[in-house]
Structures are given as C-alpha cells and as structure tokens.
Amino acid sequence: MGTLNELLRLAHERTKSANLPYAGALTPAEACHVWQNAPGAKLVDVRTRAELDFVGRIPGAVEIEWLHYPSKMENPYFMRQLFAEVDNESLILFICRSGHRSDLAAIAATAQGFTACYNVLEGFEGDLDANLQRGKVGGWRLAGLPWVNASGGANVMFGW
C-alpha cells in the first residue's frame, strides 16, 4: 500500500478522470488505510439501519442513513446530521453497500461545502456476482477489513 499522499493522489486521479465533483475515490483497503492514518478522518456509513443491523457495522464509523428503509425515501435531515457529526474540513470517506449511495452522499456533501469528500468504491458488500448476490465480489467485508456482525460479535478486527 502506498503512502497517504500517494493514495489521496490516486483517489483524486480516479475522480478527475470520471469527472466527479468530489475529492477522490478509494478502494476499501485504501479507504481503511487513509481512515487509520489521516488525522481527523471520518468514515461515514450511509447504509440504512436495516443494513447495519442485519448485515454488519464498521466499528467507529459515523452512521447516517442516506435513504430510509423500507420506503427508500431520501433522508431529509442527512446534511443536518452530517454537519452535527463531522467538521466540514475533515477528510470524509463515505461508504454504503455498493458505492452508489456513497457517491451521491459525496456529491451532496461537496456541494454543501465539505472540502475533502471521498467515495469508497465497492462499498461494504461489493458488486453483484453471477448469482445476483453480494459479498463475493469486492467490498469492505470481503477485503477482510474491520467489521462486526449483526449480533455484535467481531468478525475481523485487524489492527483495531
């Protein structure tokens, strides 16, 4: 894994080439490294409460729903909650199930004045596999990064 500066430069190049308005995009392993090593960095998990409760949580992550379950309605208080939990100059890593909602959250937060927003590519569970199931193609959990299961038991806790 590269240095913090190298990872942030690579993340910025990814968003620049995709013409995205936020600071960068990181793989799960890169995001975890940045989160652990960048002073004041925050990981913001935008999955629904149901996903957190039934699939698993990332210890230490700030949890703010982007969409409500089961209605899939956008959380009208998302920005208010984000401003309450995270300084607008903090390096913020947004994560969701697959990287889509976190992309939207990074765009929205950037538009509201957050200066260092990053999307975690692949999300917590990764892309769909050939059987249309998640958890076997990429993602935070498959990468063996820290998370706890729905019952609160630690599944992986490297370096934490």
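Analyst: What follows goes from the pocket to its lining, and then to the helix and the sheet.

The model is predicted, and its largest pocket holds about 240 Å³ of space. The residues that line this pocket are Thr48, Glu51, Leu67, His68, Tyr69, Lys72, Cys96, Arg97, Ser98, His100, Arg101 and Leu104. Taken by class, the lining is made up of 4 nonpolar, 4 polar and 4 charged residues. Among the elements, helix α5, which spans residues 100–111, gives the most to this lining, with 3 residues.

Arg80 stands 20 residues away from His100 along the chain, and the C-alpha atoms of the two are separated by 21 Å.

Turning to the sheet, its 5 strands form an open arrangement in the order β1-β5-β4-β2-β3, with parallel pairing. The edge strands, each pairing on one side only, are β1 (24–26) and β3 (62–63). Strand β2 (residues 42–45) pairs with strand β4 (residues 91–95) over 4 bridges in the parallel sense, and Leu43 has Leu93 in β4 as its bridge partner. Helix α5, the one that gives the most to the pocket lining, packs on this sheet, where α5 touches both β4 and β5 (116–120), and the direction of α5 makes about 175° with that of β5.

Key:
Residues are numbered from 1 along each chain as its sequence is written. This is a predicted model: local features need pLDDT of at least 70, side-chain atom pairs count only at pLDDT 80 or more; totals for chains, interfaces and linings use all residues. Side-chain values use heavy atoms; hydrogens and water are left out. On a 1 Å grid over the protein atoms alone, a cavity is a set of points where a 1.4 Å probe fits but cannot get out, and a pocket is an open set with protein on both sides within 12 Å along at least five of seven lines; lining residues have an atom within 4 Å of a point. Grid points are joined across faces, edges and corners, and a volume is the space filled by probe spheres set on the points. Helices (H or I, at least four residues) and strands (E, at least two) are DSSP runs, numbered from the N terminus. Ala, Val, Leu, Ile, Met, Phe, Trp, Tyr, Cys and Pro count as nonpolar, Asp, Glu, Lys and Arg as charged, and the others, Gly among them, as polar. Two strands pair if DSSP finds at least two bridges between them. Contact means heavy atoms within 4.5 Å. Axes are lines fitted to C-alpha atoms, for helices over the stretch in contact, and angles run from 0 to 180 degrees between N-to-C directions.
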